[in-house]
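Notebook open, structure loaded. I'm jotting down what I look up as I go.

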Amino acid sequence: MAGQTPVASKAKTPKRAVGFSVPLLYRVFFLLIEPISALVGAYFAYFRQSDYLQLSHAASAPSTVPFGTSIALSQLANMYLFFAINEALVLRSTPDIRVWKTVLFCLLVGDLGHLYTVRELGLPIYWSVWDWNAIDWGNIPFVYVSKMPYPDKFTGFQVNGPETWTEFHKNEFQPKPFGDYDVDIKIDACGVCGSDVHTISGGWGEQHFPLAVGHEIVGTAIRVGPKVTLIKEGERVGVGAQSWSCLDCRQCKNDNETYCRQQLDTYGAKWPDTGIISQGGYSSHVRTHEHWVFPIPDALPTTHAAPMLCAGLTAYSPLVRNGAGPGKKVGIVGLGGIGHFGLLFAKALGAEVWVVSRTHAKEADALALGADGFLATADKGWNEPHVMTFDLIINTASSFEGFDIDAYLSLLDVHAKWVSVGLPEGDGIKVRNQTFLGNGCFFGSSHLGSRREVLEMLQLAVDKGIKPWVEEVKIGEEALAKTLLRLEGNDVKYRFCLTGYQDAFGA
Ligand SMILES: NC(=O)c1ccc[n+]([C@@H]2O[C@H](COP(=O)([O-])OP(=O)(O)OC[C@H]3O[C@@H](n4cnc5c(N)ncnc54)[C@H](OP(=O)(O)O)[C@@H]3O)[C@@H](O)[C@H]2O)c1
Ligand SMILES: [Zn+2]
Ligand SMILES: [Zn+2]
């Protein structure tokens, strides 16, 4: 037996020499690039999850998939796999069964990782190349490099808090991770809404700062997620005051997504999965789920379409939902941004429209905009000639100072409706049941509108040639301060629209 040993070892030597001949490139890839990329992937997945999701694009927003640990571990398993393959193949074939066991073990762990991803995200995740890359974790650096043309940080004019609400600072911020249904929009224009002032000045209470407001956005879709079907890259599109809802509840399924209990605002809201605060249109870009991204008809100028996406819609939705049309007498309380759209759309729908303003200062404008009549509440007995004659009143007042609700409600016919869309600061007003008794009127409210209503409204604006009164302002720190103070001081005819984004943020 002792004499056989050298023979056995002799027999092994040529076997080791036979092995595979592996090209140098292949060796470099498995020995160097793959292990490094696996490590980088593990680092991103575990320590910088939001960057990771951003890169890998694997999370549909808002998703609650607990990726970090599982992916990081799988990433490390992949790395061992590369070393094992390397030892088995690159360093010539080996008879050592332990190496092959390691290879099999790592393959198993890797596959479990893939199965986990499929379970969480659904089988269709495998159809898309990007998503495939995302779950093939070793490829993260390559995904990163190939995605470089897309900005992963946006820039916006942010306010730091209510004490300094007229000081705007141009800052970079991290948007939510890019989801399968998301659209990135390079912004060209954004309207300035009364809500922007309430929010940053602290009138509505605590907010998440630093914050870029603005929710009447028009721009170009520069990137669409793999599951997006409603928007095409390169299209001119808009975004209003809402950016998400569940799309699954009773309200969402009935064109009432604006009343979904999970509805999320375009700015100042916390994305539930990441805690990232949504930032609005005083920014270079916005990232929005396709359901809240609207193609803008060619016939509408950008600066006309932008203010329609909050102010226009907030007026349009309650008008159509409450029967404004031929034979109806509609009142619009407050001739500001929303009010002037209320007037334009109610006229376009065929109603008789009266503006109810505080003074006569805006009377000539109201008539020029098409109003059939004008009431100024500063006049003594202003309501008397019109008591119980209105079918619908949309109230857009942004404050309750001197607000005589009884006088307004006296205008309504029997069972007619008062719809408040204005959201004044403070505790609100008291109303007594007796106030409603004389005409049995209904008292309600309205929030934004649905996607279907946005598309209908834009089409109506095209069909009827609606021309809002818009004052353009080039976006910048000083211009923003001045513009918001003017809006707060009721010095606007009748909507500001920010432009000049190219100069402020670059191409
Ligand atoms: N419900 C929603 O979905 C929704 C959406 C967007 C905005 N909003 C809210 O709607 C309100 C209006 O927004 P906006 O952008 O149209 O603002 P805006 O351009 O400032 O217009 C507000 C108008 O309200 C009238 N007004 C102000 N204080 C008043 C008072 N004490 N009594 C009676 N009328 C008063 C003024 O009209 P006159 O000078 O003619 O009296 C003013 O032009 C804001 O509170 C905003 O936050 C609600
Ligand atoms: Zn608004
Ligand atoms: Zn919902």
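Started with W271. I find W271 in the loop between β7 (264-265) and β8 (285-289). Keep in mind that I'm reading a predicted model here.

Then I looked up W244 against W271. The two sit 27 residues apart in sequence, and their C-alpha atoms are 9.3 Å apart in space.

Zoomed out to the whole protein chain. I count 16 helices and 17 strands. Of its 507 residues, 43% are buried. I also checked contacts between residues at least 6 apart in sequence: 74% of them join residues at least 24 apart.

Next, a sheet. In what order do the six strands of the open sheet run? I read β12-β11-β10-β13-β14-β15, with parallel pairing. The edges belong to β12 (373-376) and β15 (442-445); each has a single partner strand, so one side of each has no neighbour in the sheet. From one strand to the next, I get an average twist of 20°.

Took a look at one pair inside that sheet. Strand β10 (residues 329-333) pairs with strand β11 (residues 352-357) in the parallel sense, over five bridges. For I332, I looked up the bridge partner in β11 and got V355.

Last entry: helix α10 (residues 337-348). I see α10 packing on the sheet, where it touches β10, β11 and β13 (390-395). The direction of α10 makes about 165° with that of β10.

Conventions
Residues numbered from 1 in each chain as written. Chains lettered and ligands numbered in written order. Predicted model: local features only at pLDDT ≥ 70, side-chain atom pairs only at ≥ 80, totals over all residues. Helix = DSSP H or I, 4+ residues; strand = E, 2+ residues; numbered from the N terminus. Buried ≥ 20, exposed ≤ 12 C-beta atoms within 10 Å, placed from the backbone. Contact = placed C-beta atoms within 7 Å. Pairing = 2+ DSSP bridges. Axes fitted to C-alpha atoms, helices over the stretch in contact; angles between N-to-C directions.
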